[in-house]
Amino acid sequence: MNTIERLTHNAWRPLLTALAATGLVLAVGLPVAAQEEAEAAETPASNAPEPPDLSRWQCWNCPLVYGWRGSVLFGAGYVSDDYAEFGNYRGLDQQGFYGALGVDLTWRAEDARYLDIYGERLGLNSRTLDIETGKQGSYKIFLGWDQITQHRADDTRTPFLGAGTSNQTLPEGWVLAGTTDGMTALEENLRGIDIERERRTLRLGVEFGGKSPWRYRADVRRTTRDGNAIRGASFIFRAAELAAPIDYQTTRFDTSIAYVKDRWQLEAGYNVSLFENDNQSLQWENPFTGIFGAQLGQLAEPPDNQFHQFMLTGSWNQSRYLSLAGQVAMGRMTQDDAFVQPTVNLDLVNPGLPRANLDGEVDTRIVNLRATSNLTRNLRARIQYRYDERDNDSPRDFYTQVITDTFVTGEVANEPYSFDRTSVDASLDYRVFSFLNLTASAERKEMDRTLQEVEETTTDIYAFQARTNLFERLNVRAEYKREQRDNDLDPALLGPEVNPDLRRFHYAEKDRDAFRISADYAILDNLFAGVFAEIADEDFKDVLIGLSDARAESYGLDLSASFSQNVSAHAFVVFERLEADIRGADNIDGATWFATQDDEFRTAGVGVNFDDLPGKWAHGAIDLSYAAADGDIAIDKRSTASPEFPRLKTRRFTLEASLERELRENLNLRLGYLVGKLSEDDFFRDNVLPGTVPTLLSLGEQTPDRTVHVVSAMLRYRFQ
Amino acid sequence: MQIRQRLTEYARGMGFAAAALAVLLTMQSGAAAQEEDQEEAPRWVTLGDDYMPEYSRRGADECMRCHGDEDSAHLNAVFEGPHGVMADERTPFGGNQCEACHGPGGDHTGRIGFGEARPPMPAFGPNSPWSEERENQVCQDCHKEQKHGFWEGGTHQRQDVGCADCHDSHVRRDPMTVASTQSETCVGCHTEQRAQLHQAYSHPIRQGEMACSDCHQPHGAPNEAMLSSPTINQNCYECHAEKRGPFLFEHAPVAEDCTNCHKPHGSNNPAMLTRRAPLLCQQCHSRVGHAGIGRSPNDLPSGNPSPFLLSGSCTSCHSQVHGSNHPSGSILNR
């Protein structure tokens, strides 16, 4: 089905529905609006006061601030241990001293010119710095630097030379074997390789505005990512885990021009995203005894790609009776990176390729529209229409497959995947009494896909919500939502080698029920409590193979208190449970099994903050959080007696405290303490050393179980 | 799952909710008792949004007579921030000063009789009579940029969230504009997300490296979940452009919706996956060969350690789950 057909067939139908519904709202709303406006016209003139005589409003007593304001923080800290998982995103992964630097400064001139500098963790390799300058109300220029480090593991080991690069070879004297226990040179050749990467983003932007309704904005961002990631690399049923290289650059350019008036506005924007990868492929030597000359393997790295999008956004508040808002976007994703050869096995004849690159092209078309109307003071209506199309125009060809650089099989055609989805939802909010609001909504979603066993799914969602503040200090909300999804499954399209009973969960017919209740209560003027409970149950109908049931429940309580203007505290506790039932079969004509995965989370935290206490204590904070999770996986394989999987556990405890005291007029001393304890039990990784699995040469990543302490002492110089 | 078990768990959930509600109502009854002897409501209460006194005679100078002392230092920080710039006519202090936001203060600053209560400012103050909707309108009268144009009809607006519930205009730097402090405000209401951010695998929000607004547009974007980009996948590709493709061999659920496999607010599974492989993959893959075989504890290191279960499981071989550009990569292993 081509694009026009799809649009005609699918997009227009809900769009027409939306338009009809909008027309209905207008048909009802506008007469009401006209009547109310007429009534308003009959009432006495507006009660708006006379505008003030601003010539008398001199603001002599206003403590206007010009020059520098803010503070600079500098000092040193100490990390007690190397701990990759703790340092993840924090930059505190290595034992030893580090420089601590932060800045929070603003300079203002009387004529509205300003310079704003804000930076955190500047002495670490996870840091951020933003500088903005301009003339308020006229223009601004901003420059930003953001650096994030991600540390996954520091206990991983590999025998490959060049680990983390695009060409990984085996050391001299390596002994090939069919399984890892025969690799007699493995242990002596294992070297540590940390799994980590870093993301650095430089951002530059300008904005022009002011009194004119025109607004102009341009923003360019260059993100560089380098480091490595774990990637499996296989030969038939043998695999090695590699530290694959990450050398990515993404350049993003956004520009827009907008026209902003009191009641309406329109913005046209153009977005470009260019992705470049320094590595086209990753080659590695087969550490196992290769068959058919398979000594070398090659993986394709993510190809360079581009995305261009033109977007029009706007809103119009005609009156309280009608507001329209929406966005229309048309984009194109392209990719024409040259293909690597089907195999690097010199013993095989490389099959010919139908083309040198994919010449891939995907067009995206997106429409999000919303109409809102306050039909009366107590009745409010909303209609939304959404359309999202991914039209994959990439050429379709047949490619001869060389399985894992080992042997040549038949041809396989690539399957350029296209879809479009539309949704229309309408809702009504009715204020029954001053203390009771009811909301009812209905939504229909339709999704059409290509090249799948399910080409169309239709989902209907109905929701009801009640909100009440019957008592002055208590707000209660309750919501029930029902979702039903149907499809046009054609099992024949599953293919001859796929279990005919398979129903993929994201296409499968299902019923989903969700109920949520929450309440906020002001126990005292300075003490607030909130509770919530939520249950959701998904029943995937007709599923003999695949995800058949999923269920989620969560409960929570949070408290917040302010003991004075300068002291506040908060606490929360949340319990969450996720359950899933999965049905499978060892082959396609029986031998079924039944598995469950149940995850249970318990999270709690408490914190106290104070400012400007007597005794020159300028600031203090203590924040404690605890997160525990247990995961249970069980499988019932035709009642075969089997031991149980060990429980998956994570425990994370973090305590962060800081204390700041004024030493003299402009100088404070800030002391900080951070302790983190993280432990995990994960049978997928625990005790799986590089040679543990006969047919998998792993990196031997183990789960963490360590505690780390960080202390810091800093001086804060205040500009005031 | 057995119906009885479900009913039992529903009942437990409902019981929890009912118990919590009962506790709150009990506490409420105590508070309500204290409020029985209310005097007749003053006119600003009865007028509500229509309460519109005259402006004060001297503007902020009048305000500063009482609010210029040390006790009001936290209010006077407004002069360090963007709202206190007199040279910018768009800001409060380029116009009607304090009363630009708080409404006309003629009553509040005027003379009152002995024993009379001082009338409140119409907006953004203790006992202010203007509704949250009316207060929001005050902010929107100036903040008309595109992202605010979506406010009407957005989820936060419909749930009666006020601008001042999240933003602080009396500070030099609004915490909502800083990545490391923004999420504290958001999770104040979104308690489940707060818990998920603490799970073992999550985006670096609790470390202060990401803000909620890196993904969400809280002023009412008309797309799903008020995302910054028009669709979920476009949102993810903002930072993960290498997953965008198009690839020669695609993995349809990936191109369709990243949340088919990932939980963006946090998960107990590496890579924020919804489940562990191989079960994650076996939700959709059951065919001739090894894909459908149920993996049991016999595949642990204590038994016959299996690559189909341990370490990366399916991804130890099929590592290109986001798509492959290799001519021999139809099964996403090249």
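My notes on its ring contacts follow.

I'm working with a predicted model, so I kept its ground rules handy: local features need pLDDT of at least 70, side-chain atom pairs count only at pLDDT 80 or more, and totals for chains, interfaces and linings use all residues. Residues are numbered from 1 along each chain as its sequence is written, chains are lettered from A and ligands numbered from 1 in written order, and side-chain values use heavy atoms, leaving out hydrogens and water.

How many aromatic pairs does the structure hold over all chains? I got 19. Rings of Phe, Tyr and Trp (its six-membered ring) pair if their centres lie within 6.5 Å; planes under 30 degrees apart are stacked, over 60 edge-to-face, the rest tilted.

I looked up Phe235(A) and Trp284(A), a tilted pair at 5.3 Å centre to centre with 55° between the planes. It links distant parts of the chain, 49 residues apart: Phe235(A) is in strand 10 (residues 214-235) and Trp284(A) in strand 13 (residues 281-285), both of chain A. Strands are DSSP runs of E, at least two residues, numbered from the N terminus.

Buried or exposed? Phe235(A) counts as buried at 5% relative accessibility, and Trp284(A) is buried at 0%. Buried means under 20% relative accessible area, exposed over 50%, partly exposed in between (1.4 Å probe, protein chains only).

I also noted a cluster: ring pairs link Trp214(A), Tyr259(A) and Trp264(A).

Last, I found the charged end of Arg661(A) over the ring of Trp617(A), 5.1 Å from its centre. That takes NZ of Lys or CZ of Arg within 6 Å of the ring centre and within 35 degrees of the ring normal.

How values were computed. Helices (H or I, at least four residues) and strands (E, at least two) are DSSP runs, numbered from the N terminus.
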